[in-house]
Amino acid sequence: MLTTTVLDVGGVHWATTGAVIESTLLRRPGVSSVQANTVNNTATVTYDPAATSVADLSQWLRDCGFHCQGRSVPAHVCDPMAEPGGAEAVSPHAMMGHGGHGAMSMAAMVADMRNRFVVALVLSVPIMLYSPMGRDMLGFAAPAPFGLRDDVVGFVLSVPVIFYSAWIFFDGAWRALRARTLDMMVLVAVAVGTGWLYSVGVTLTGGGEVFYEAASMLTTFVLLGHWFEMRARGGANDAIRTLLELAPPVAVVIRDGLPVEVPTTEVATGDLLLIRPGAKIPVDATVEDGDSEVDESMVTGESLPVSKGPGSAVVGASINTTGTLRVRATKVGADTVLAQIVAMVQQAQNSKAPGQRLADRAAFWLVLVALLGGTVTFLVWWAVGAGVQTALLFAITVVVITCPDALGLATPTAIMVGTGLGARRGVLFKNATALEMSARVTAVVMDKTGTLTKGEPEVTDLVVDGMAEDELLGLVAAVETESEHPLAAAIVSFARARGAQVAALTGFRNVPGHGAVATVAGRTVVVGNRALLAQEGVDSGALFARRDELAAGGRTAVLVAVDGQLVAVIALADAARPTSPAAVTALHELGVQVAMLTGDNGATAERIAGQLGIDIVIADVLPGEKAAKIAELQAAHSRVAMVGDGVNDAPALAQADLGVAIGAGTDVAIETSDLVLMRSDPLDVAVALRIGRGTLRKMRQNLGWAIGYNVIALPIAAGVFVPLFGFVLRPEVAALSMSGSSLIVAVNALMLKRLKLPA
């Protein structure tokens with residue numbers, strides 16, 4: 001039986017390093033699949049536990065030069081800057097149960113990249129000044145120190161640049177070659193190493209024109225670009241850090257009747273906690289004492305505070321606003337809602353979209369094209385008599401400018417930002433495929449009860465004849481208070497909201513399937529259907545016709561008789577959620593058709609559909625038929641999303657191209673879905689589709705830029721236009737251009753955070 005684990009891999013400096021990680025692990029016994037994410041610095045590995053283990057996976061990566069350590073928690077962790085075998089760090093994924101600081105990995109890599117860049121920059125300036133370019137183009141005339149030749153000065157100053165600043169290129173290239181793959185590290189190492197070794201050979205054989213300034217400036221600009229790029233990559237994961245910071249570090253536990261502060265990680269299931277006004281709730285719990293309003297917006301996206309009292313469930317990381325609560329812990333550590341949200345967001349960010357897999361394959365071939373292109377460029381220029389130095393200059397430029405780093409960053413950075421944007425609104429994508437599919441949906445099918453409607457009856461119409469409304473409601477509420485029927489509870493709630501005074505009653509008699517009879521304030525009150533009224537000898541009247549009209553409109557009509565006279569009709573229906581009309585409108589604005597799927601009769605379904613402006617109504621559907629109805633819609637519409645909340649929705653959610661579970665629904669519905677709406681708000685369906693479309697648009701823009709850049713840059717670097725314009729692109733300028741291209745891709749993905757979403 002296969003299992004899946006997530007490894008946090010340290011030392012991943014470049015977007016194309018993922019190919020090395022995947023190639024390394026896929027050649028090992030027992031490994032079925034690997035998805036490396038170089039933006040998130042993770043590798044999701046599916047393997048056979050009988051053939052290998054997490055410890056083996058970690059060791060194989062360490063053998064290939066990465067820093068990796070495994071743990072028994074869902075994410076197996078490596079400290080990116082630690083030495084192999086060093087102290088173990090804790091990833092964001094593991095923090096919910098173990099504590100730690102998940103942001104250190106990227107911060108340490110960014111600092112290391114900055115230090116290497118600074119050293120390269122400081123030494124590259126004098127190397128440039130004492131080079132032929134510095135002498136000729138910049139007019140620098142100072143003699144070399146100690147009477148040395150210019151090329152010797154360049155050699156001495158370039159040694160730290162090559163063996164410290166640029167060493168990560170050679171180390172990464174060695175890893176890639178050991179893993180039998182090609183990546184950006186190979187290209188940069190070839191370019192820097194070729195130029196520097198050629199120059200060393202010239203220096204040791206008596207001097208001449210060298211490439212020390214090109215090799216050092218090339219190193220400087222590549223490091224500069226990737227320093228900025230890594231800072232941008234770190235910004236793409238702000239959502240995870242924001243979520244992790246929601247959990248309070250300490251909790252107040254009541255022990256022996258006294259409040260005691262303890263670390264949140266030490267709270268156990270069953271502990272009684274004291275939550276003061278303004279404090280964060282540390283874990284998921286149930287209220288045992290007290291009443292308050294709780295702000296759950298940080299976790300679920302619900303904008304309004306929610307009333308909580310004894311028996312109410314509260315979510316960890318939400319904020320208690322007014323009263324003092326005593327709550328009993330029900331879920332702690334990795335079982336809390338917040339931990340599961342973090343896990344789901346990370347799962348989505350660690351996965352690969354179909355478009356990314358294509359980009360990964362293209363990146364490998366682009367590296368091969370760059371190496372072959374550099375070789376061909378050298379041979380052509382050498383053959384036309386340009387000389388070894390000129391030919392080598394063009395060849396190095398071709399290799400540098402064709403680095404596929406931007407191609408490797410194009411999709412994962414957009415996915416990171418898109419999933420994080422969704423998490424802030426309580427829209428949780430389970431994987432990158434779901435994110436991409438949400439952009440392609442052309443029709444949305446919504447279950448009626450519990451999704452478009454509240455799932456509980458409400459009074460919609462009250463028709464009274466021959467009696468004051470408030471008096472009638474007082475009599476009816478007195479009878480219905482004694483009934484356990486859901487319709488009775490709705491009528492009592494309606495009466496109390498209207499300020500009705502409930503009188504005392506005697507002789508209550510329930511008539512199963514028909515209604516109830518009682519004596520209230522000395523008057524005989526009958527509340528029920530037509531059969532009950534006939535049984536009690538109530539004469540038919542004009543209100544019966546009104547009752548039939550309401551029933552034909554999809555409502556449940558309850559008749560009320562007082563002292564043998566029919567005096568009122570009360571109509572009830574499952575009322576639409578307040579945001580349902582806006583949800584349908586928002587979907588229509590996206591050009592998406594909306595269908596409603598329900599087991600209710602046609603009249604009831606048409607009533608709700610008419611209120612909301614729904615395009616397609618599918619009524620009288622048995623639970624087992626829902627999946628078949630989705631299949632029929634898929635035949636008519638290319639991509640169909642299904643939104644539901646119940647156990648009977650699970651087959652339809654699985655059948656749909658995109659299954660969307662309402663967060664308040666059942667575990668089965670959530671498990672079989674691709675997308676979870678934590679707020680249980682149908683308006684968030686449009687939010688999810690808009691995020692998906694925005695993310696896909698950024699992915700396409702980034703891929704288009706990365707591919708277009710290489711198509712244009714390659715012939716320029718090869719010197720194709722030199723005979724026409726005399727323009728020569730230097731390797732260091734090519735390095736700056738290549739790094740700038742990668743930075744543009746990362747920043748463009750971060751612009752997705754400005755996407756406008758329905759309120």
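Me: In this predicted model, what distance separates the end C-alpha atoms of helix α27?
Reply: Helix α27 covers residues 683-717, which makes 35 residues.

Me: Which residue just after α27 takes a positive phi?
Reply: The residue in question follows α27 directly and has a phi of about 85°. That residue is glycine 719.

Me: Which residue in β12 stands opposite aspartate 295?
Reply: Strands β9 and β12 pair in the antiparallel sense over two bridges. Opposite aspartate 295, the residue in β12 is isoleucine 319.

Me: Is glutamate 296 buried or exposed, and which side chain does its own side chain contact?
Reply: Glutamate 296 is placed in the loop between β9 (292-295) and α11 (297-300). Its relative accessible area is 9%, and a residue under 20% counts as buried; glutamate 296 is therefore buried. Its side chain makes a polar contact, at 3.1 Å, with the side chain of lysine 308.

Me: Which residue of β13 is the bridge partner of leucine 273?
Reply: Strand β7 (residues 272-275) is covered on both faces, with Leu272 and Leu274 buried on one side and Leu273 and Ile275 buried on the other. Four bridges join β7 to β13 (residues 325-331), and the two strands run antiparallel. Within β13, the partner of leucine 273 is valine 327.

Me: Is phenylalanine 146 buried or exposed?
Reply: Phenylalanine 146 is found in the loop between α5 (132-136) and α6 (150-165). Its phi is near 60°, a positive value in a residue other than glycine. With a relative accessible area of 80%, against a cut-off of over 50%, phenylalanine 146 is exposed.

Me: What is the phi of aspartate 563?
Reply: Aspartate 563 lies in the loop between β20 (556-562) and β21 (565-576). At 42% relative accessibility, aspartate 563 counts as partly exposed. Although aspartate 563 is not a glycine, its phi is positive, at about 55°.

Me: In the salt bridge between aspartate 151 and arginine 149, which residue counts as buried?
Reply: The two side chains meet at 2.9 Å, N to O. Arginine 149 has 38% relative accessibility and counts as partly exposed. At 7%, the residue that counts as buried is aspartate 151.

Me: How many residues apart in sequence are the parts tied together by arginine 530 and aspartate 548?
Reply: The side chains of arginine 530 and aspartate 548 meet in a salt bridge of 2.9 Å, N to O. Arginine 530 lies in helix α20 (residues 530-535) and aspartate 548 in helix α21 (residues 543-552), so the pair ties together parts whose separation in sequence is 18 residues.

Me: Which residues form a nonpolar patch on the surface that includes valine 380?
Reply: Valine 380 lies in helix α13 (residues 354-383) and is partly exposed, with a relative accessible area of 46%. The patch has about 270 Å² of accessible area together, and its members are Val376, Val380 and Val384.

Key:
Residues are numbered from 1 along each chain as its sequence is written. This is a predicted model: local features need pLDDT of at least 70, side-chain atom pairs count only at pLDDT 80 or more; totals for chains, interfaces and linings use all residues. Side-chain values use heavy atoms; hydrogens and water are left out. Patches are made of residues with over 30% relative accessible area and no salt bridge: like charges are joined within 9 Å, nonpolar side chains (Val, Leu, Ile, Met, Phe, Trp, Tyr) within 5 Å. Accessible areas come from the Shrake-Rupley method with a 1.4 Å probe; for residues, only the protein chains shown count as cover. A salt bridge is a side-chain nitrogen of Lys or Arg within 4 Å of a carboxyl oxygen of Asp or Glu. Buried means under 20% relative accessible area, exposed over 50%, partly exposed in between (1.4 Å probe, protein chains only). A polar contact is a pair of N or O atoms within 3.5 Å; within protein, one must be able to donate a hydrogen and the other to accept it, and residues adjacent in sequence count only if both atoms are side-chain atoms. Two strands pair if DSSP finds at least two bridges between them. The expected span of a helix is 1.5 Å times one less than its number of residues.
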